[in-house]
Amino acid sequence: YPSLIKRLVLVGANYQVEGMKKETLKKIKNDYIKNSFISSFSEKDKDLKKKNLLMLKHPNFQEFELEKIKVHTLNVFGNNDCIEKNHSQKLSKLLNAYEIEFKDASHDLILEYPDLFAEKVISFFKINSNKNNQELELVEYNQIDSFINYLDYKDEKVIALLMVALMV
């Protein structure tokens with residue numbers, strides 16, 4: 001829905017399953033096998049089995065599909081993410097996205113650096129819609145203000161899709 005989305009923020013995103021680090025994929029496969037075995041005894045394990053299977057099969061976007069996305073995009077990832085760094089960087093290139101790599105951050109970078117993450121996203125929402133090589137600058141904001149208030153910047157309705165994959 002390009003007519004509805006003006007900005008897109010991705011966090012720790014992969015566009016193919018193979019973008020995950022091998023040790024992460026191995027853990028998910030092992031968890032799937034374990035949960036498959038015990039899922040008949042527990043509803044919780046049945047749900048975990050479904051979640052593991054979902055992560056083993058999705059996402060599965062083709063590069064040409066991503067290149068069709070023309071919305072202004074910010075791709076944020078941690079240097080200790082469960083997604084391969086080169087995969088994250090390739091995703092940025094495919095989407096012609098701004099890219100921010102958080103040092104000493106994992107897949108949970110939003111929880112690890114909430115203030116810095118919020119500042120970077122708010123800055124992204126405020127920059128000129130014509131992409132140039134400017135750096136994203138930190139923006140001062142009142143901590144009391146709701147983060148959501150900044151999404152309605154200059155009376156322009158900004159719709160953002162935040163894709164966050166949480167690993168258990």
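A residue counts as exposed when its relative accessible area is over 50%. By that cut-off N96, at 55%, is exposed. The model described here is predicted.

**Nonpolar cores**

- The largest nonpolar core has 14 residues.
- Within this core, V9, L74, F102, L109, F117 and F124 touch the most other members.
- At least two residues of this core come from each of β1 (7–11), β2 (72–78), β3 (98–102) and α6 (114–126).
- The top contributor is α6, which gives 4 residues.
- L109 is in contact with V11, V76, F77, G78, F102, P114 and F117, leaving aside neighbours within four places in sequence.
- Another core, of 10 residues, lies apart from the largest one. Its members include L8, Y15, L66 and V71.
- In soluble globular proteins, nonpolar side chains tend to be buried together.

**Helix pair α1 and α2**

- Helix α1 spans residues 22–38, and α2 spans 43–57.
- Their axes come within 8 Å and cross at roughly 145 degrees.
- The crossing of α1 past α2 is left-handed.
- On α1, the contact is made by L25, I28, K29, D31, Y32, N35, S36 and I38.
- On α2, the contact is made by D45, L48, K49, N52, L53, M55 and L56.
- Sorted by class, this contact has 8 nonpolar, 3 polar and 4 charged residues.

**Backbone exceptions**

- Most residues other than glycine have a negative phi, and most peptide bonds are trans.
- The peptide bond joining H58 and P59 is cis, with omega about 0 degrees.
- P59 sits in the loop between α2 (43–57) and α3 (63–67).
- N96 is not a glycine, yet its phi is positive, at about 50 degrees.
- The loop between α4 (85–95) and β3 holds N96.
- D104 is not a glycine either, and has a positive phi of about 55 degrees.
- D104 lies in the loop between β3 and α5 (109–112).

**Exposure of N96 and D104**

- N96 is classed as exposed because its relative accessible area is 55%, and the cut-off is over 50%.
- D104 is likewise exposed, with a relative accessible area of 57%.

Key
Residues numbered from 1 in each chain as written. Predicted model: local features only at pLDDT ≥ 70, side-chain atom pairs only at ≥ 80, totals over all residues. Heavy atoms only, no water. Core = buried A, V, L, I, M, F, W, Y, C linked by side-chain atoms within 4.5 Å. Buried < 20%, exposed > 50% of the residue type's maximum accessible area, 1.4 Å probe, protein only. Contact = heavy atoms within 4.5 Å. Axes fitted to C-alpha atoms, helices over the stretch in contact; angles between N-to-C directions. Left-handed = near helix turned anticlockwise from the far one by under 90°. Nonpolar A, V, L, I, M, F, W, Y, C, P; charged D, E, K, R; others polar.
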